Structure formats: structure tokens, C-alpha cells
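Visitor: Could you walk me through the model you have on screen?
Guide: Gladly, let's look together.

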Amino acid sequence: MSRICPSVLSADFSALGDECRDVIAGGADWIHYDVMDGVFVPNISIGIPVLKSLSKKVDAFYDVHLMITDPAKYVDDFAGAGADHISFHIESQSDTAETIEAIHAKGILAGVALKPATPAEAVFPYLKDLDLVLVMTVEPGFGGQKFMADMCPKIKKIRKEADRIGRKDLLIQVDGGIDVGTVGFVAEAGADVYVAGSAVFNKKDRGEAIAAIREAAGKASVK
Ligand code: DX5
Ligand code: ZN
């Protein structure tokens with residue numbers, strides 16, 4: 001089953017609740033909530049209080065992508081604010097195994113994200129414990145960047161290793177430059193969870209945009 005996750009980074013922040021309701025009504029599966037601290041990535045976005053207000057008003061599955069230096073420190077706060085899934089970067093300062101455990105202790109899904117330069121093998125030791133691996137298809141930090149097609153072999157390697165260890169259920173998420181023209185490449189490589197920021201929020205009819213991405217992914221999907 002493919003999941004489409006509009007990234008709020010491209011939403012109108014002055015009307016975030018309405019923006020999220022709009023994409024959910026349009027068929028979005030998860031709301032992708034990008035958190036940046038200005039240190040781990042060269043940009044600052046939104047954090048705990050905004051998620052808390054949003055999740056109180058808008059019923060959705062909140063997929064929180066932490067692009068921060070010490071994610072372990074904030075797991076409890078984000079879980080308490082309404083996160084249903086937390087992914088954090090393997091390149092961050094936090095201990096990977098301990099952070100996965102801390103997220104699971106909150107009763108929510110855990111994911112590990114990889115920057116473009118990080119090889120697939122870096123996440124292999126953790127695959128058995130993870131719900132999701134997030135393969136960045138741009139350098140994290142900004143919406144609207146160009147999709148890196150050379151990340152497809154990395155997705156393939158992770159899918160192959162997950163299958164080998166009996167984790168056919170592992171979710172592989174892609175984030176960055178995903179649109180109707182690029183989603184086929186990552187679906188074919190083995191991804192099944194698609195983040196799309198500008199390709200959804202910059203469109204007038206978000207439902208139409210989501211349906212078109214889902215259709216293009218479905219045609220190419222190997223899952
Ligand atoms: C980038 C963020 C993405 C971003 C994607 O660092 O993690 O979620 O919003 O935006 P698009 O889909 O426009 O590349
Ligand atoms: Zn993201």
C-alpha cells in the first residue's frame with residue numbers, strides 16, 4: 001500500500017490547520033511535519049508547540065521528521081504533542097539504538113533517516129527494530145529542491161536487505177523532489193511512502209495532485 005505524505009514545509013503557515021484539513025480531505029495518508037533546528041540543517045522551521053496545537057484541532061497521522069542535532073532529547077515532547085511516527089537522522093548526535101527504543105517506548109512508530117551521502121549499509125544493523133527508513137532524495141533543509149535520481153540504488157539495497165532478514169513489512173519513505181514525474185523511479189526501487197511538499201501544497205487542487213502522485217507510484221510500484 002502506498003502512502004502519500006504532504007510536507008507542511010510548503011503549506012501556508014498562517015493557516016496551517018486549514019491547509020492540513022485540505023490535504024487530508026484530498027486523500028493524504030500522513031501529514032509530514034518537518035522540524036529543523038538551524039544547526040543540523042541550515043534552516044529553522046516549527047517545533048513542539050505548533051504540533052501540539054495542530055494535533056488537537058486536526059485529526060491526522062502525524063509523521064514527524066526531526067532534522068535536529070539531538071533528537072533523543074525531544075522524543076517525549078514530540079510524542080506528547082501528538083506525533084504518531086518519529087524519524088530522526090542517523091547522522092545526528094543521538095545514539096541510534098537508544099533513540100529507536102525511546103520512540104517505541106512511547107507506543108509510536110520509529111524511523112531512521114539517511115542524508116544523501118550516508119550509505120544504505122549504515123542502517124542495516126537497525127532494520128530489524130525499525131518501522132521505517134527514510135531515504136532523503138535531496139539534502140535536508142529546504143522544500144522545492146531537485147530530486148536526486150542517484151538515490152534509487154540505495155533504496156533498492158535497503159529493500160533487498162529488509163527482504164533478506166524477513167522484514168517485508170519495512171516501510172521505505174522518500175523525501176525531496178517527489179512529484180508525478182519522479183515518484184515512479186523511487187516506487188520501482190522499492191519505496192512505498194512518499195513525501196511531497198511543493199508538488200502538493202503549491203497546487204490549487206491538492207486532491208488532484210495527491211491522486212496523480214498515487215497513480216504514478218502505483219504504476220511503477222514493485223510492492
Ligand atoms: C526537506 C524536507 C522535506 C521537504 C520536501 O529537508 O525534509 O520534507 O519539505 O519538499 P519538496 O517535496 O518540495 O521537495
Ligand atoms: Zn521531511
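**Around the ligand**

Guide: Of the 20 residues around ligand 1, those that come nearest are Asp34, Gly141, Asp175, Gly197 and Ser198, where near means a heavy atom within 4 Å. This is a predicted model, in which local features need pLDDT of at least 70, side-chain atom pairs count only at pLDDT 80 or more, and totals for chains, interfaces and linings use all residues. Residues are numbered from 1 along each chain as written, chains are lettered from A and ligands numbered from 1 in the order written, and side-chain values use heavy atoms, without hydrogens and water.

Visitor: Which strand gives the most to the shell around ligand 1?
Guide: Strands here are DSSP runs of at least two residues, and helices (H or I) runs of at least four, both numbered from the N terminus. Strand E2 (31-36), strand E3 (62-67) and strand E8 (193-196) each supply at least two shell residues. With 3 residues, the top contributor is E2.

Visitor: How far is a backbone N or O atom of Gly197 from an oxygen atom of ligand 1?
Guide: A polar contact with the ligand is a pair of N or O atoms within 3.5 Å. Gly144 has a backbone N or O atom 2.8 Å from a ligand 1 oxygen. For Gly197, the distance is 2.7 Å.

Visitor: Is Leu9 buried, partly exposed or exposed?
Guide: Leu9 lies in the loop between strand E1 (3-6) and helix H1 (16-25). Buried means under 20% relative accessible area and exposed over 50%, with a 1.4 Å probe and protein chains only. Because its relative accessibility is 22%, Leu9 counts as partly exposed.

Methods:
Polar contact = N/O pair within 3.5 Å; in protein donor to acceptor, adjacent residues only side chain to side chain.
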